[in-house]
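Student: I have a model open and some labels to check. Can we go through what each one rests on?

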Amino acid sequence: MPDLQLPAIDYSALAPMLILFGAACAGVLVEALTPRQSRHRIQLGLSFLALIAAFVMVLVNYDTRKITIGGAVAVDGPALFLQGSLLVLGAVSLMLIGERSIEKGGAFVSQAAVTVGSERDLRQAGDQPGATEVYPLTLFALGGMLLFVSANDLLTMFVALEVFSLPLYLLCALARRRRLLSQEAALKYFLLGSYASAFFLFGIALIYGFSGSISLNAVHAAVADPQRSQVLLYGGLALIAIGLLFKSALAPFHVWTPDVYQGAPTPITALMAACTKVAAFGALLRILYVAFEGVRWDFQPVLGAVAVLTMLVGGILAVTQTDMKRLLAYSSIANAGYVMVGVLALNSDGLSGTMFYLVAYGFSVLAAFGIVTLVRDADGEATHLSRWAGLGRKSPLFAGAFTFVMLAFAGIPLTSGFTAKFAVFGAAVEGGQTWLVIFGVISSMLIAFPYLRVVVLMWLSQPGESTPTVSIPGFMTSAALTIGVVATLALGVVPAPLIDLTRDASTFVR
Amino acid sequence: MNDFPFLGILTLLPLVGAVVVAAIPKRRSELAKIVAFVWSLVVLALTIVMWVAFKTGGARFQFHESYAWIPSWDARFTFAADGIALVMLMLIAILMPVVILASWHDVDQSKRSAPTYFALLLAFEFTMIGVFAAADVFLFYVFFEVMLIPMYFIIGSFGGQRRQYAAVKFFLYSLVGGLFMLASVIGLWALAGHTFDFAHLMDSAQAINQGTARWLFLGFFVAFAIKAPFFPFHTWLPDAGGAAPAGAAALLVGVMDKVGTFGILRYCLVLFPEASRWFAPAALVLGVIGILYAALLAVGQNDLKRLVSYTSIAHFGFIAIGIFAFTSQAGTGSVLYMVNHGLATGLLFIVVGMFVARRGSNLVSDFGGAGKTMPVMAGILFFAGLASLALPGTAPFISEFLVLIGTFTVHKVYAVIATAGIILAAAYVLWMFQRTTQGTVNPALEAVPAMKKDITLREKVVVAPLILLLLLLGFYPKPVTDVINPAVQATMQDVGTTDPGPTAVANGRAAR
């Protein structure tokens, strides 16, 4: 029996992920070893330190282009760019997650296992501080996402998928208010997510049968070989795609999104809308561009149909929504469709445009959900649309910020929404996918209406009896909102630096 | 002198003004009004200097300046103005102080903030100047979309009845048109050499194959036809014009709608000449239908502001047939019409606004015999109406006449049918005037003390420049036509049409 050779490991290239996982494990120890009242501060500091350190390591690796740890992880332009984006967006989400001044004890329940409505539940709903486990869970999720976008073989990708999904399932169940809705959301997300994972895994098995390997490079080589079984290839690709389409909330695998976005604690919804999208599309880009580029003519029309369906479903159903979080959920579905248009350009413009879009959308959506956390009444967040009537009179600053974000989602110029849309649509025309652009434009027309309706409600309607107040945000929420709005403006007015960055990063290593 | 960055400064100046005015607290609203007014006068002064610096016999595009913006898409802050853009810039610059002065007390009664209103007006001026000054298709698109936002809030927050409905309808119509244009802009960029620079696209767009060019033309044309608006895309305008405050409505119809016709002249015709010729018959038919249909609707209107809106749609029909006749006479007539219509309809809207503000109602039937108590106001309304129906001696007569004879030389039938629009124009203007100011005094007016107050000094200052300009350009339009003519002839050359017999001299001049 030959000696087992350990693969070469480039620890510096892996450092961002190692730091996050290490800090997450340390966070678990903090839970066990430190007194309850000091945990929140320690965990928050630890998490921010970990994110900053990981981001510094991404910067250190700026020029790294290599495949390491036995072909399992590729550290290349897209991986580093997406990891950096995930860390920045994750840090902004963490500001929302860590906010405790809006609601006593924060947005999270103290003990999620307590039966809803029982006496203990009533007691903990009152004033007990929220669970601090959310911080290590968030770090695990972000670490998994970092690995997900840089995984260079299918099994690593699957492990990363599970690593970032499981904490998210848990986090969804931890809302302090409306706990049944939150638990229902978590269960739905968990069950459907498990199905998606199963599909993904089955797809990996078929692809292994097809190519004899799980490495993306080997799959790429096998795709070029006409002797191999096409049934296994297409079956495997389809099943893998289903797993990824589910995570990116593309129709017809989007049905979980509104329920989960609505039920989850709003900071977690923000985290999912911003970061999960980046991670899921990052992996999708890698799978399609690196492994299956050879059969682009076969999957382009199918996934194109998925993109069209997603844009139309998101646009049409958004019109009928009456709940702000569900409206934003459908908006995020439609936006996933636009991102898909960029993905399907299948050229380097498409790659850079997609990455630009993900970042731009991430910042806007964080700002949007950040404001949702502020609009409250005695029962917590007031998310029904009718409750937002006349908000512009009561608090023009926040209504103005929300209006700006809505205009960004509608793709009005001088916001990041416009430049991002232009980037993906331009790339798609370039890549010969004009029909997707036409449907994208139609969908943009549809979805402008619900955004506009929100603006009308806030500014042009009279404040009702039940218009909730806008809480004064604490330092962290203010910072998150400022970052989100300023980024939305900056990426709309001076997008050139980020576009250049995405262009520099738009080559995968194979 | 032409090295001075006129257009860049002219574009930014109102934006800075808007920020300054918006920063003034609500209780100092008088100060906000004065700052906004002075600011718009400064813009006007700069525009006049620019007009003087413009060389009428010089290059087609002057005051060219360009700054880097998004290098990887080759989108730049490029500004340049031809004669057509220059007269439009002049029109905004003149109308803006007039409108600010006319809107002086519009916000006083409501709970809304006056500084916000005047800041929105200046922000609107910023987008208007930008859209006419841009010589980069991307920049043009940006301004084309952004101009919706100040106008949306002006209508929605400061308008009259049904203002929410009108604001949303206005926004959605324009946005839909804009998105069609976005698709075309992207297509143009991808197919014509990855650039947005207009000077470059004028050549490179000609290489696009015929079928694709027609689709791209259509994307632009729909956006502009909605903006103008041409029949059958016009239904938002009566709502928006009816709900907007009178001053803002004057800007909406007087300037903003011209972006549509300006865009057709600048972008559709020049970038897609073959497609323009191919679609011209359809556009002519839409124009003629618009003239008659809107005029008929105007005759039947009982709401003064909606009536004026419908008259504009009819006038835009004239502008459309003038553009798509492809003769230099008709083209010059159309551009002149854009200016004159801005002045005449602007005046009409402002005077109607004065009536409405006094009476507290838009409805024609709520007036009657108002001329008895307010003879001067009624006289001005009469003059504005006559200018609007293109009476000889007022400026619109010259433009309407040029459009009709220019069209007659190539499309006799359309010109003859369109002439019927003049008769209808007389009907809607005179009947409206008769029902509001002549005849027996409506008893209900007795109960409204404001209706006894004739024109104030401020209102005189508001209407005087417009009346003077309408008369001046009615007798001596040469300063404006000298600026317009070369630009129109260059445009018509780009389209590749030649004038028939009688105007061959004009062609010879253009060829030199």
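Student: Which residues does A:Leu20 touch, leaving aside residues up to four places away in sequence?

Tutor: A:Leu20 touches A:Ala50, A:Ala54, A:Leu139, A:Leu142, A:Gly143 and A:Leu146. A contact here needs C-beta atoms within 7 Å. Keep in mind that this is a predicted model.

Student: What makes A:Leu20 stand out in the largest nonpolar core?

Tutor: That core has 424 residues. A:Leu20 is among those that touch the most other members, along with A:Phe148, A:Cys172, B:Val87, B:Leu89, B:Ile155 and B:Val351. In soluble globular proteins, nonpolar side chains tend to be buried together.

Student: How do you know that the radius of gyration of chain A agrees with a compact globule?

Tutor: Set the value against the rule. For 510 residues, a compact globule would come near 24 Å, and chain A has 22 Å, so the two agree. The C-alpha atoms fill a box of roughly 70 × 55 × 40 Å along the principal axes. Of the 510 residues, 60% count as buried. Residues 24 or more positions apart make up 80% of the contacts with a separation of 6 or more.

Student: What secondary structure does chain A have?

Tutor: Chain A has 20 helices and 5 strands. Three of its strands form an open sheet, in the order β4-β3-β5, with antiparallel pairing.

Student: Why are β4 and β5 of chain A placed at the edges?

Tutor: Each has a single partner strand, so one side of each is left without a neighbour in the sheet. Pairing takes at least two bridges. β3(A), residues 375–377, is joined to β4(A) by 2 bridges. A:Arg376 stands opposite A:Glu381 in that pairing.

Student: Now chain B. What makes β1(B) and β2(B) a hairpin?

Tutor: The two strands have 4 residues between them. They run antiparallel, joined by 6 bridges, against a requirement of at least two. B:Tyr67 stands opposite B:Phe77, and B:Ala68 stands opposite B:Arg76. In the turn, B:Asp74 has a positive phi of about 60°.

Student: Why is β2(B) called largely enclosed?

Tutor: Count its residues. 7 of the 7 are buried, so β2(B) is largely enclosed by the rest of the structure. Buried means 20 or more other C-beta atoms within 10 Å. In a regular strand the side chains alternate between the two faces of the sheet. Both faces of β2(B) are covered. One side has B:Ala75, B:Phe77, B:Phe79 and B:Ala81; the other has B:Arg76, B:Thr78 and B:Ala80.

Student: How do you know that the span of helix α9(B) agrees with its number of residues?

Tutor: At 1.5 Å a residue, its 18 residues should span 26 Å; the end C-alpha atoms are 26 Å apart, so the span agrees. Its buried residues include B:Leu216, B:Phe217, B:Phe220 and B:Phe224. The buried residues of α9(B) pack against α7, α12 and α13 of chain B.

Student: What makes up the side of chain B that touches chain A?

Tutor: 25 residues of chain B are in contact with 24 residues of chain A. The elements of chain B that give two or more residues are β1, α5, α6 and α7. The largest share, 14 residues, comes from α7(B). By type, this side divides into 19 nonpolar, 5 polar and 1 charged.

Note on methods. Residues are numbered from 1 along each chain as its sequence is written. Chains are lettered from A and ligands numbered from 1 in the order in which they are written. Two residues are in contact if their C-beta atoms, placed from the backbone, lie within 7 Å. Ala, Val, Leu, Ile, Met, Phe, Trp, Tyr, Cys and Pro count as nonpolar, Asp, Glu, Lys and Arg as charged, and the others, Gly among them, as polar. The expected span of a helix is 1.5 Å times one less than its number of residues. A residue is buried if 20 or more other C-beta atoms lie within 10 Å of its own, exposed if 12 or fewer, and partly exposed in between; C-beta atoms are placed from the backbone. The radius of gyration is taken over C-alpha atoms; the globule rule is 2.2 Å times the number of residues to the power 0.38. A nonpolar core is a set of buried Ala, Val, Leu, Ile, Met, Phe, Trp, Tyr and Cys residues joined through C-beta atoms within 7 Å.
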